[in-house]
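These notes are meant to be read beside the coordinates. They take helix packing, a few individual residues and some backbone angles in turn.

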Amino acid sequence: MHALFQQKENLYWTTCIASNARNQKKLWRSLSNILRRDKDASTPTPLLTAEKLSQFFIDKINDVRAETGNFDLPIFTTYTGKQFTSFQENMKEDIRKLLLGSPPKTCSLDPIPTSALLESVDILLPFICAMCNASRREGSLPATQKTAIITPVVKKPRLDPEEPQNYRPISNLTFISKVIERIVTNQIKDHLADNDLMPSVQSAYRQGHSTETAVLKVISDIIDAADTQKVTLLGLLDMSAAFDTVDHKILLERLEV
């Protein structure tokens, strides 16, 4: 019985890995399941309150900002090429394709389950299309679509669930807000790619690029240096709360120039 179970389990995971060979995200998720990385993840205990967890992240951001508050202001070079002045309106077919291609995740803030929305997509499509285009045309997103449900998840198994620094806050947003975000992202990325504004060695947030291509680039450079008898020095930077500490004023100024 045990031998048969092991045989079936090996066959299942072999088939799963083979079927996801071209999908890096699903492939790594399958490997994580095989290695049981998330099986022993701790859960929040009643002793760690939401107020304590929230205050920890507020203090963390304030501390990072305080440490960088005296730095020199950034210097921007004015871009003289083609400007991105407005978003294009999407046709119903484009919105429909985007809806059906989005992960069918549901947030408790959604008025209806995402599965029900997708089942009635052809009926709701004119209204969703009007909402998405109006949001980008007016340059605003309703406050209801900016609200998220925050779920704290322990970063690694066996970490102390009583310590706030061991948690990663996961934001669960409404389905429509993520659709609008994806539309905006696609148009901005297309503009950056068409005008060659992306760094040539950047792997993040680019189609056909990932952490795998970044690692391959580094390894290739190290091998090339070794072949020419050069010394390689690798510096790795781990930015604490990198996205949370982005200065919105500086970001907007950078986008304007």
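1. A polar contact here is a pair of N or O atoms within 3.5 Å; within protein, one of them must be able to donate a hydrogen and the other to accept it, and residues adjacent in sequence count only if both atoms are side-chain atoms. By that criterion, the backbone nitrogen of Asn90 lies 3.0 Å from a polar atom of the Asn133 side chain, and the side chain of Asn133 also makes a polar contact, at 2.4 Å, with the side chain of Arg136.

2. The model is a predicted one, in which local features need pLDDT of at least 70 and side-chain atom pairs count only at pLDDT 80 or more, while totals for chains, interfaces and linings use all residues. Residues are numbered from 1 along each chain as its sequence is written, and side-chain values use heavy atoms, with hydrogens and water left out.

3. Asn133 belongs to helix H6, residues 121-138, where helices are DSSP runs (H or I, at least four residues) numbered from the N terminus. Asn133 is buried, with a relative accessible area of 7%; buried means under 20%, exposed over 50% and partly exposed in between, computed with a 1.4 Å probe on protein chains only. Not counting residues up to four places away in sequence, Asn133 touches Glu89 and Asn90, contact meaning heavy atoms within 4.5 Å.

4. Helix H1 (residues 2-19) and helix H2 (residues 24-34) have axes that come within 9 Å and cross at roughly 160 degrees. That makes H1 roughly antiparallel to H2, given that angles over 145 degrees count as roughly antiparallel, those under 35 as roughly parallel, 65 to 115 as roughly perpendicular and the rest as oblique. The axes are lines fitted to C-alpha atoms, for helices over the stretch in contact, and the angles run from 0 to 180 degrees between N-to-C directions. The crossing of H1 and H2 is left-handed, a term used if the near helix is turned anticlockwise from the far one by less than a right angle, with right-handed used if it is turned clockwise.

5. Which residues of H1 and H2 meet? Trp13, Cys16 and Ile17 in H1 meet Leu27, Ser30, Leu31, Asn33 and Ile34 in H2. By class, this contact of H1 with H2 has 6 nonpolar, 2 polar and no charged residues; Ala, Val, Leu, Ile, Met, Phe, Trp, Tyr, Cys and Pro count as nonpolar, Asp, Glu, Lys and Arg as charged, and the others, Gly among them, as polar.

6. The axes of H4 and H6 come within 9 Å and cross at roughly 110 degrees, and H4 and H6 are therefore roughly perpendicular to each other. On the H4 side the contact is made by Lys92, Ile95, Arg96, Leu99 and Leu100, and on the H6 side by Val121, Asp122, Leu125, Pro126, Ile128, Cys129 and Cys132. The class count for H4 with H6 is 9 nonpolar, no polar and 3 charged residues.

7. Helix H4 (residues 92-101) also packs with H7, at an angle of about 120 degrees and with the axes 11 Å apart, which makes H4 oblique to H7.

8. Thr114, in helix H5 (residues 114-119), counts as buried at 1% relative accessibility. Leaving aside neighbours within four places in sequence, Thr114 is in contact with Pro104, Lys105, Thr106 and Phe175. Lys178, in helix H7 (residues 175-194), touches Lys105 and Leu173, residues up to four places away in sequence again not being counted.

9. Phi of Tyr205 is near 60 degrees; Tyr205 is found in the loop between H7 and H8 and is exposed, with a relative accessible area of 57%. Phi of Gln229 is likewise near 60 degrees, and Gln229, in the loop between H8 and helix H9 (248-256), counts as exposed at 76% relative accessibility.

Technical notes
Helix = DSSP H or I, 4+ residues; strand = E, 2+ residues; numbered from the N terminus.
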